[in-house]
Amino acid sequence: MNEKQRLENTQVNPSDKKSAKDYSKYFETVYMPPSLKDAKKRGKEEVKYHSDFKIDEQFRGMGDGRKFYIRTYGCQMNEHDTEVMSGIFMALGFEPTDSVEDANVILLNTCAIRENAENKVFGEIGHLKALKRERPDLLIGVCGCMSQEESVVNKILSKHQHVDMIFGTHNIHRLPYILQEAYLSKAMVVEVWSKEGDVIENLPKVRKGNIKAWVNIMYGCDKFCTYCIVPYTRGKERSRRPEEIIQEVRHLAAQGYQEITLLGQNVNAYGKDFEDIQYGLGDLMDEIRKIDVARIRFTTSHPRDFDDHLIEVLAKGGNLVDHIHLPVQSGSTEILKIMARKYTREQYLELVRKVKEAIPTVSLTTDIIVGYPNETEEQFEETLSLYREVGFDSAYTFIYSPREGTPAAKMQDNVPMEVKKERLQRLNAVVNELSAQKLKEYEGKVVEVLVEGESKNNPDVLAGYTRKSKLVNFKAPKSAIGKLVKVKIIEAKTWSLNGEMIEEVAEVK
Ligand code: SAH
Ligand code: SF4
Ligand code: F3S
């Protein structure tokens, strides 16, 4: 169906300021819009585990002769969801394509974390309008975290009628049904679940690359930091069973993957939702370290739940890398309190002390938000001083962005944008200074690099990462790709290291 037909069908006047619910009367098809209010609730119902995912026979062949394209925004969680959706597309008979022009289905897997992330997506939705006009049979879908927001769904409904389907983060396994609806229906298909407590196993996956892999260990977040939209877009915390995770990691190891990253929005809360067993992230890491895979990472850690048992296990080293991403957000106890991070500056520093004592070679990276509502100059300076005190290797730094529906968005804010920007620059100057110092220390040293491929800027050079996630560029034969090699560092650049390969450490299995 083309855009004109849809507009006639739905008779929505784009200038109408209607709520999503008002639109329901126009739709004959699936219409299940999100509700931030429902998404906020955390029920006591048990997490349901579904291990029986399979593609229904009626959908087989749906993709024959058709191609799909997925553009992914946001965090690793979204990247991994894209791998699952790719798996479903392929199981339906679709082929992947790198070009929107070639695609029969285009999905935008979106991120809602900050306003500029959302603006990028709306820009892209706008661009796709011309393509849809040219090829009315093209299906365009919006999924991921933005789909979980009422305001986004309302905006797409009223301003972007060329979108064919909107679905959320909890129902990607429903993709075959949603596609079928979109092919058959005249109206936009909207299926967003605002409350979810389920874990679906056995989803097909087409992983990007064969060197590194992501493995979800838990979904959702119950922390409700006052600025953050994730607990609304990803639902309540629910852990995958350890045996499922261990089996997946073993399987990846057997396939020759060299590095596994365990994923969750707050991995340190892993296992807290189990009622039948006492089992946490430390226990899981202790099992996984025995699996024959070169490197194991996890992200993201919340300082609050980082317990001594986990530190003890990480200190055993082996394939557990000595790099921890430990978002601090602010160095001011007062700001941390308003953020509802539930730790103080001192508690964070104490955790860092314990981690460094147990793992002396550890490298720490972090996330920081500047310009929180009413942040004072002194409070900001506490962030700068904490950054130096910890001696982070690097950081992702952000200007606070109000997210509709979160408590912080309702706060009065007396910090002008100019001041926020200036604070970000000052923080970035410190981040860059320390990163450069840390990189300089590598000159003349030998590091282990997992070779990922050709360098982005120069195909004659190979690139890979150290155990501490430092990017290394070096000349070596292409046969080194996918292997662990030893590289002597010759020169530290601003963001990366240049070196010479000395030897291979291990053969790929
Ligand atoms: N679950 C992870 C982080 C998820 S979001 C954790 O708790 O550490 C990644 C980062 O985005 C956060 O650490 C935070 O620094 C930043 N962020 C989240 N919400 C934001 C907002 N409203 N404005 C600016 N930055 C934000
Ligand atoms: Fe957001 Fe906080 Fe949860 Fe991280 S821990 S996802 S910052 S609410
Ligand atoms: Fe963005 Fe959702 Fe990840 S909001 S950061 S894609 S969990």
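Ligand 3 is surrounded by Cys75, Asn78, Cys111, Ala112, Ile113, Cys145, Arg234 and Gln265, where a residue counts as near if one of its heavy atoms lies within 4 Å. This is a predicted model: local features need pLDDT of at least 70, side-chain atom pairs count only at pLDDT 80 or more, and totals for chains, interfaces and linings use all residues. Residues are numbered from 1 along each chain as its sequence is written, chains are lettered from A and ligands numbered from 1 in the order in which they are written, and side-chain values use heavy atoms, with hydrogens and water left out.

**Ligand shells**

- The shell of ligand 3 divides into five nonpolar, two polar and one charged residue. Here Ala, Val, Leu, Ile, Met, Phe, Trp, Tyr, Cys and Pro count as nonpolar, Asp, Glu, Lys and Arg as charged, and the others, Gly among them, as polar.
- Around ligand 2 stand Cys221, Lys223, Phe224, Cys225, Tyr227, Cys228, Val230, Pro231, Gln265, His302 and Arg341.
- That shell of ligand 2 holds seven nonpolar, two polar and two charged residues.

**Cysteines**

- The whole structure has zero disulfides, a disulfide being a pair of cysteine sulfur atoms within 2.5 Å.
- Cysteine 143 is in no disulfide; its nearest cysteine sulfur, on cysteine 145, is 9.8 Å away.
- Cysteine 143 is buried at 0% relative accessible area. Buried means under 20%, exposed over 50%, and partly exposed in between (1.4 Å probe, protein chains only).

**A three-stranded sheet**

- Three strands form an open, parallel sheet in the order E10-E13-E14. Strands (E, at least two residues) and helices (H or I, at least four) are DSSP runs, numbered from the N terminus. Two strands pair if DSSP finds at least two bridges between them.
- E10 (212-216) and E14 (295-299) are the edge strands; each has a single partner, so one side of each lacks a neighbour in the sheet.
- Neighbouring strands are turned by 25° against each other on average, direction ignored.
- E10 and E13 (residues 259-263) pair in parallel over five bridges. Alanine 213 stands opposite isoleucine 260 in E13.
- Helix H4 (residues 76-91) packs on the sheet and touches E10, E13 and E14, contact meaning heavy atoms within 4.5 Å. The direction of H4 makes about 95° with that of E10. Axes are lines fitted to C-alpha atoms, for helices over the stretch in contact, and angles run from 0 to 180 degrees between N-to-C directions.
- Helix H9 (residues 242-254) lies across E10 and E13, at about 170° to E10.

**Backbone geometry**

- Most residues other than glycine have a negative phi, and most peptide bonds are trans.
- The peptide bond from threonine 299 to threonine 300 is cis, with omega near 5°. Threonine 300 sits in the loop between E14 and helix H11 (308-314).
- Asparagine 374 has a positive phi of about 70°. Asparagine 374 lies between strand E16 (363-370) and helix H14 (377-390), and is partly exposed at 33%.
- Serine 469 has a positive phi of about 65°. Serine 469 lies in the loop between E19 and strand E20 (471-475), and is partly exposed at 30%.

**A buried loop serine**

- Serine 455 is in the loop between strand E18 (446-454) and strand E19 (462-465).
- Serine 455 counts as buried at 12% relative accessibility.
- Serine 455 touches Val461, Leu462, Ala463 and Asn473, not counting residues up to four places away in sequence.
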